[in-house]
Amino acid sequence: MKFSVLRQTALAGNVDALDLISLEGGTYVLEARSAGGTFSVRDEQGKVLHFRSMEHARDLLHDFPRIPFHLVHAETHDEMIGMPVVRHEPLRVQISMHAAW
(Lines give C-alpha, C1' and ligand atoms only; values in the text may rest on other atoms or scores of the structure.)
Protein backbone atom coordinates (compact mmCIF):
# COMPACT_ATOMS: atom_id res chain seq x y z
CA MET A 1 0.00 0.00 0.00
CA LYS A 2 1.46 3.35 -0.98
CA PHE A 3 1.92 5.89 1.83
CA SER A 4 -0.51 8.35 0.21
CA VAL A 5 -3.18 5.64 0.00
CA LEU A 6 -2.48 4.67 3.62
CA ARG A 7 -3.06 8.26 4.71
CA GLN A 8 -6.39 8.48 2.84
CA THR A 9 -7.46 5.08 4.18
CA ALA A 10 -6.54 6.07 7.74
CA LEU A 11 -8.42 9.37 7.49
CA ALA A 12 -11.47 7.41 6.29
CA GLY A 13 -11.20 5.24 9.43
CA ASN A 14 -10.37 2.03 7.58
CA VAL A 15 -7.01 1.18 9.18
CA ASP A 16 -7.20 -1.05 12.27
CA ALA A 17 -3.57 -0.71 13.38
CA LEU A 18 -0.04 0.19 12.32
CA ASP A 19 2.99 -1.95 13.11
CA LEU A 20 6.48 -0.48 13.07
CA ILE A 21 8.70 -3.52 12.58
CA SER A 22 12.29 -3.40 13.81
CA LEU A 23 14.79 -5.01 11.44
CA GLU A 24 18.42 -5.97 11.80
CA GLY A 25 20.70 -3.03 11.13
CA GLY A 26 18.59 -0.53 13.04
CA THR A 27 15.97 0.20 10.40
CA TYR A 28 12.21 -0.13 10.54
CA VAL A 29 9.38 -0.85 8.11
CA LEU A 30 5.71 -0.04 8.54
CA GLU A 31 2.79 -2.41 8.05
CA ALA A 32 -0.87 -1.43 8.02
CA ARG A 33 -3.53 -3.83 9.23
CA SER A 34 -7.14 -3.62 8.12
CA ALA A 35 -10.06 -5.95 7.50
CA GLY A 36 -8.53 -6.66 4.07
CA GLY A 37 -5.28 -8.00 5.53
CA THR A 38 -1.78 -6.76 6.30
CA PHE A 39 0.02 -4.45 3.87
CA SER A 40 3.62 -3.24 3.68
CA VAL A 41 3.75 0.53 3.35
CA ARG A 42 5.53 1.67 0.20
CA ASP A 43 6.72 4.93 -1.33
CA GLU A 44 5.23 6.37 -4.52
CA GLN A 45 7.66 4.29 -6.65
CA GLY A 46 6.43 1.08 -5.00
CA LYS A 47 9.51 0.43 -2.84
CA VAL A 48 9.04 -0.56 0.79
CA LEU A 49 9.50 2.50 3.02
CA HIS A 50 12.38 2.24 5.48
CA PHE A 51 12.56 4.38 8.60
CA ARG A 52 15.71 5.31 10.54
CA SER A 53 13.98 5.41 13.91
CA MET A 54 10.68 5.45 15.72
CA GLU A 55 10.80 9.27 15.64
CA HIS A 56 11.30 9.24 11.87
CA ALA A 57 8.09 7.18 11.53
CA ARG A 58 6.25 9.45 13.97
CA ASP A 59 7.30 12.50 11.94
CA LEU A 60 5.69 11.06 8.82
CA LEU A 61 2.57 9.98 10.74
CA HIS A 62 2.10 13.29 12.59
CA ASP A 63 -1.15 14.23 10.84
CA PHE A 64 -2.72 10.75 10.93
CA PRO A 65 -5.72 10.09 13.16
CA ARG A 66 -5.00 8.15 16.34
CA ILE A 67 -4.72 4.48 15.41
CA PRO A 68 -3.31 1.65 17.53
CA PHE A 69 0.44 1.80 16.84
CA HIS A 70 2.82 -1.01 17.81
CA LEU A 71 6.57 -1.50 17.84
CA VAL A 72 7.24 -5.08 16.74
CA HIS A 73 10.58 -6.72 17.45
CA ALA A 74 11.40 -10.32 16.52
CA GLU A 75 13.44 -12.27 19.04
CA THR A 76 16.65 -13.49 17.42
CA HIS A 77 18.72 -14.37 20.51
CA ASP A 78 17.51 -17.97 20.46
CA GLU A 79 18.65 -18.70 16.89
CA MET A 80 21.43 -21.13 17.75
CA ILE A 81 22.82 -23.91 15.61
CA GLY A 82 21.69 -27.34 16.75
CA MET A 83 18.77 -26.06 18.82
CA PRO A 84 15.27 -27.27 17.96
CA VAL A 85 13.17 -24.84 15.95
CA VAL A 86 10.60 -23.22 18.21
CA ARG A 87 8.10 -20.69 16.89
CA HIS A 88 8.00 -17.53 19.01
CA GLU A 89 5.65 -14.64 18.54
CA PRO A 90 7.47 -11.34 18.10
CA LEU A 91 7.54 -8.85 20.94
CA ARG A 92 4.73 -6.35 20.30
CA VAL A 93 4.55 -3.14 22.36
CA GLN A 94 1.90 -0.46 21.96
CA ILE A 95 3.48 2.98 21.52
CA SER A 96 2.18 6.50 21.03
CA MET A 97 1.88 7.88 17.52
CA HIS A 98 3.17 11.19 18.84
CA ALA A 99 6.37 11.92 20.76
CA ALA A 100 5.97 12.31 24.51
CA TRP A 101 8.10 15.47 24.57
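**View 1. Leu 18 sits opposite Phe 69 of strand β5.** This is a predicted model, where local features need pLDDT of at least 70, side-chain atom pairs count only at pLDDT 80 or more, and totals for chains, interfaces and linings use all residues. Residues are numbered from 1 along each chain as its sequence is written, and side-chain values use heavy atoms, with hydrogens and water left out. Strand β1 pairs with β5 (residues 69-73) in the parallel sense, over five bridges; strands count as paired if DSSP finds at least two bridges between them.

**View 2. On to β5 and β6, which run antiparallel.**

**View 3. A look into the largest nonpolar core, 19 residues in total.** Such a core is a set of buried Ala, Val, Leu, Ile, Met, Phe, Trp, Tyr and Cys residues joined through side-chain atoms within 4.5 Å, with buried meaning under 20% relative accessible area (1.4 Å probe, protein chains only). Among the residues with the most contacts inside it are Leu 6, Leu 30 and Phe 64. At least two core residues come from each of α1 (3-11), β1 (17-23) and β2 (27-34); helices (H or I, at least four residues) and strands (E, at least two) are DSSP runs, numbered from the N terminus.

**View 4. Leu 61 and its contacts.** Skip the neighbours within four places in sequence, and Leu 61 touches Phe 3, Leu 18, Leu 30, Phe 69, Met 97 and His 98. Contact here is heavy atoms within 4.5 Å.

Notes: Buried means under 20% relative accessible area, exposed over 50%, partly exposed in between (1.4 Å probe, protein chains only).
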